[in-house]
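Trainee: I would like to learn how to read a metal site and its surroundings in a model like this one. Could we work through the features one at a time?

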Amino acid sequence: MLITINDVLTPEELVTTRRLLEHSSWASGLVTAGVQAAQVKNNQQLPEDSGQLSSLRRLVLGALNRNALFFTAALPLKILPPLFNCYAGHTNHYGQHVDGAMHRVAEGGGYVRVDVAATLFLSDPDKYDGGELVIEDTFGSHSVKLKAGSMVVYPSSSVHEVAPVTRGQRIACFMFMQSMVRDPGQRRLLFDMDMALLQLRQGVGETAPVVSLTGMYHNLLRRWAEN
Ligand code: NI
């Protein structure tokens, strides 16, 4: 299931993000790719020693922290530090690949199981051609290109690619996370139920059946969540 979350960043945060990125220098994106992904990955990424990276990460994680829709879509348990990438010129695409299931956390922090991925678009879509994030799922292939500051959340189990950027520059932030609910089907059910409850609450208020259904949502989450 793909979930789009609009306006994750405020216009001010987008300006700050872009200013920080303007003062950053890009390096090869191959450093974080696994063996299969490295065959098809051809982009640039902010290196770990970039002076701007910690401010950028703090800003994005702060925005995610206050976003209720992100929480219910991903049910995040552990979020790996966000990464930033750039597609332009000769380093302009990332062919079909799957993200590795386990990511090592720096300095003896063990591993995080990657259940969910998210891409936060940072370039205005009219400033570049191509660069769609194409995600395959059981319902076919979905092409995603969002306005700057908006994000797509999708299961890491899916094969995906970034189509070649043929004009301009596509800058984005991407991140991987371990979800409290490992199974994508269970996550989907909880998300759909939560969205339906939200509508019900707005439509009819906190009636006894709504309270009862809300309890069922939490009981399912309690049954399925791990930490
Ligand atoms: Ni990927």
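Trainee: What spacing do the donors of the nickel ion follow along the chain?

Mentor: In this predicted model, the donors of the nickel ion are spaced along the chain as H-x1-D-x60-H. Aspartate 99 sits in the loop between strand S7 (93-97) and strand S8 (102-104), while histidine 160 belongs to strand S15 (residues 160-162), so this pair ties together parts that are 61 residues apart in sequence.

Trainee: Which atoms coordinate the nickel ion, and at what distances?

Mentor: Donors are N, O and S atoms within 2.8 Å of the metal, and water is not among the atoms, so a site may look incomplete. Here the nickel ion is coordinated by NE2 of His97, OD of Asp99 and NE2 of His160, at 2.1 to 2.2 Å.

Trainee: Are aspartate 99 and histidine 160 buried or exposed?

Mentor: Both aspartate 99 and histidine 160 are buried, and histidine 97, with a relative accessible area of 4%, is buried as well.

Trainee: What is histidine 97 in contact with, leaving aside its neighbours within four places in sequence?

Mentor: Histidine 97, which lies in strand S7, is in contact with Gln36, Ala37, Val40, Ser158, Val159 and His160, once those neighbours are left aside.

Conventions: Residues numbered from 1 in each chain as written. Predicted model: local features only at pLDDT ≥ 70, side-chain atom pairs only at ≥ 80, totals over all residues. Heavy atoms only, no water. Donors = N, O, S within 2.8 Å, 3.2 Å for Na, K, Ca; no water. Helix = DSSP H or I, 4+ residues; strand = E, 2+ residues; numbered from the N terminus. Buried < 20%, exposed > 50% of the residue type's maximum accessible area, 1.4 Å probe, protein only. Contact = heavy atoms within 4.5 Å.
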